[in-house]
Amino acid sequence: MSEQTVRDLDAVPHRVLGTRIRLVRGDYWIGGEGDALQLTGPANTIFAALDGLRSVAGVIRLVVTEYDADPEEVAPDVWEFLDDLTDRGIVAW
């Protein structure tokens, strides 16, 4: 995965098959017992949007709309979260 691909707003991130995902009371939990990652707030929204069809630009727009936020502030946070999920092997491009 190149840095250029990851920073392309038209790139489409998707969840990696085989990743353990549970939805508990509206929050996603990723991973197994003892090392599960709980997603809340915008992280939950971003992860739910990773359907393999929506681009990064679409994910950013979704968060901006849902949280009535400034796109200039949202974009770096979305990228940082996607980078983290990619590093953990939860998201691929």
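Mentor: Let us begin with a crossing of two helices: α2 and α4 cross in a right-handed manner. A crossing is right-handed if the near helix is turned clockwise from the far one by less than a right angle, and left-handed if anticlockwise. The model is predicted, so local features need pLDDT of at least 70 and side-chain atom pairs count only at pLDDT 80 or more, while totals for chains, interfaces and linings use all residues. Residues are numbered from 1 along each chain as its sequence is written, and side-chain values use heavy atoms, with hydrogens and water left out.

Helices here are DSSP runs of H or I with at least four residues, and strands are runs of E with at least two, numbered from the N terminus. Two packed helices are described by the angle between their axes and the distance between the axes. The axes are lines fitted to C-alpha atoms, for helices over the stretch in contact, and angles run from 0 to 180 degrees between N-to-C directions.

For α2 and α4, the axes come within 11 Å and cross at roughly 65°. The two helices are therefore roughly perpendicular to each other; angles of 65 to 115 degrees count as such, under 35 as roughly parallel, over 145 as roughly antiparallel and the rest as oblique. On α2 the contact (heavy atoms within 4.5 Å) is made by Ala43, Ile46 and Phe47, and on α4 by Val78, Phe81, Leu82 and Leu85. These residues divide into seven nonpolar, no polar and no charged. Nonpolar covers Ala, Val, Leu, Ile, Met, Phe, Trp, Tyr, Cys and Pro; charged covers Asp, Glu, Lys and Arg; the others, Gly among them, are polar.

Helix α2, residues 41–49, also packs with α3, residues 56–67, at an angle of about 140° with the axes 10 Å apart. That angle makes α2 oblique to α3. The crossing of α2 past α3 is right-handed. Gly41, Pro42, Thr45, Ile46 and Ala49 of α2 meet Val59, Leu62, Val63, Glu66 and Tyr67 of α3. This contact divides into seven nonpolar, two polar and one charged residue.

Within α3, Val56, Ala57, Gly58, Val59, Ile60, Val63 and Val64 are buried, where buried means under 20% relative accessible area, exposed over 50% and partly exposed in between, with a 1.4 Å probe and protein chains only. The cover over these buried residues includes α2 and α4, the latter being residues 71–87. Just after α3, Asp68 takes a positive phi of about 45°.
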